[in-house]
Amino acid sequence: RWWRYGPPGWSRRAAGRGDGTRWPWPSTVLFTAFVLIGSGFADHAQAGERVALDPLGRVLLFLSGAVLLWRWRHPVAVLWGTVAAVLLYLGAGYPYGPVLLSVAVAGFAAVVSGRRYAAWAAMGTLWAGHLLTVHVLYRWLPPSGDDAAPWTEEIVVATWVVALLAVSELARVRREQWARERAERARAERRRADEERLRIARELHDVLAHSIS
């Protein structure tokens, strides 16, 4: 039943039509903690190659994860906010790490919520911004003495973006199927209830008519 009709409340949460009382606190805290802790390990692993994490870098990491709390209510704004935070983070020369997870989650929420074109535009902006940073602006951006990134890295980033959007589109299609199947099931249940009430009314009418006769 879960696979056929989806998890309870999925359509309402994904479409941003919840009752206003349910917030994705657990997943947001988990994503934010993972980004902060994983970036800390990346900072140690890339010491001397990238700029060390400072308070500004940690604030950008925290903001990129914290805004995910609003991803079902304001998916487009959250997605563009995470893209801006990630581009600032990468442009400042901070270590590569799980910071892109925030964009992945925000992009998924935007596509599933039906904001497909905005999601594609935001993800394209992320890729273009990364391309500009590591192939044009790297001469003036930290860390000093950094070289241009290999083009194979851009292929990996582009593949990652396309794969993420493809998975999000599949999830969106599946959610719409769940919504249609739920609506059909609800109509079938209402129809059966109406037929049952009609049958009971007819039996009652026949019994009363027989008793009167």
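**View 1. Helix H7 and its cover.** Helix H5 (75-91), H6 and H8 are among the elements that cover the buried residues of H7. The model shown here and in the views below is predicted. The buried residues of H7 are Ala-119, Ala-122, Met-123, Leu-126, Gly-129, His-130, Thr-133, Val-134 and His-135. With 20 residues at 1.5 Å a residue, H7 should span 28 Å, and its end C-alpha atoms are 28 Å apart, so expectation and model agree.

**View 2. The packing of H7 against H8.** Two packed helices are described by the angle between their axes and the distance between the axes. For helix H7 (residues 116-135) and H8, the axes come within 11 Å and cross at roughly 170°. An angle over 145 degrees counts as roughly antiparallel, and H7 and H8 are therefore roughly antiparallel to each other. By class, their contact has 14 nonpolar, two polar and five charged residues. On the H7 side, the contact includes Arg-116, Trp-120, Trp-127 and Leu-131. On the H8 side, Trp-151, Val-157, Leu-164 and Arg-172 are among the residues met.

**View 3. His-135 in H7.** His-135 is found in helix H7. Is His-135 buried or exposed? The relative accessible area of His-135 is 15%. Buried means under 20%, so His-135 is buried. Leaving out residues up to four places away in sequence, His-135 touches Ala-148, Ala-149, Pro-150, Trp-151 and Glu-154.

**View 4. The loop between H7 and H8.** Pro-143 has its place in the loop between H7 and H8. The peptide bond from Pro-142 to Pro-143 is cis. Its omega is near 0°.

**View 5. Glu-169 in H8.** Glu-169 is found in helix H8 (residues 151-212). Glu-169 has a relative accessible area of 12%, so this residue is buried. Which residues does Glu-169 touch, not counting residues up to four places away in sequence? They are Val-111, Arg-116 and Trp-120. Val-111 is one of the buried residues of H6.

**View 6. Helix H6, an enclosed element.** Ten of the 13 residues of H6 are buried, so this helix is largely enclosed by the rest of the structure. The buried residues include Ser-102, Gly-107, Ala-109 and Val-112. At 1.5 Å a residue, helix H6 (residues 100-112) should span 18 Å; its end C-alpha atoms are 18 Å apart, which agrees. Gly-114 follows H6, with a positive phi near 95°.

View 7. An unreviewed UniProt entry carries the annotation "transmembrane region" for residues 23-43, 55-72, 78-111, 118-140 and 155-173. Residues 55-72 are 67% helix and 0% strand, with end C-alpha atoms 29 Å apart. Residues 118-140 are 78% helix and 0% strand, and their end C-alpha atoms lie 30 Å apart.

View 8. The unreviewed UniProt entry gives the annotation "coiled-coil region" to residues 176-203. In the model, this span is 100% helix and 0% strand. Its end C-alpha atoms lie 41 Å apart.

How values were computed
Residues numbered from 1 in each chain as written. Predicted model: local features only at pLDDT ≥ 70, side-chain atom pairs only at ≥ 80, totals over all residues. Heavy atoms only, no water. Helix = DSSP H or I, 4+ residues; strand = E, 2+ residues; numbered from the N terminus. Buried < 20%, exposed > 50% of the residue type's maximum accessible area, 1.4 Å probe, protein only. Contact = heavy atoms within 4.5 Å. Expected span 1.5 Å × (residues − 1). UniProt positions renumbered as here; feature names shortened; annotations may be inferred. Axes fitted to C-alpha atoms, helices over the stretch in contact; angles between N-to-C directions. Parallel < 35°, antiparallel > 145°, perpendicular 65-115°, else oblique. Nonpolar A, V, L, I, M, F, W, Y, C, P; charged D, E, K, R; others polar.
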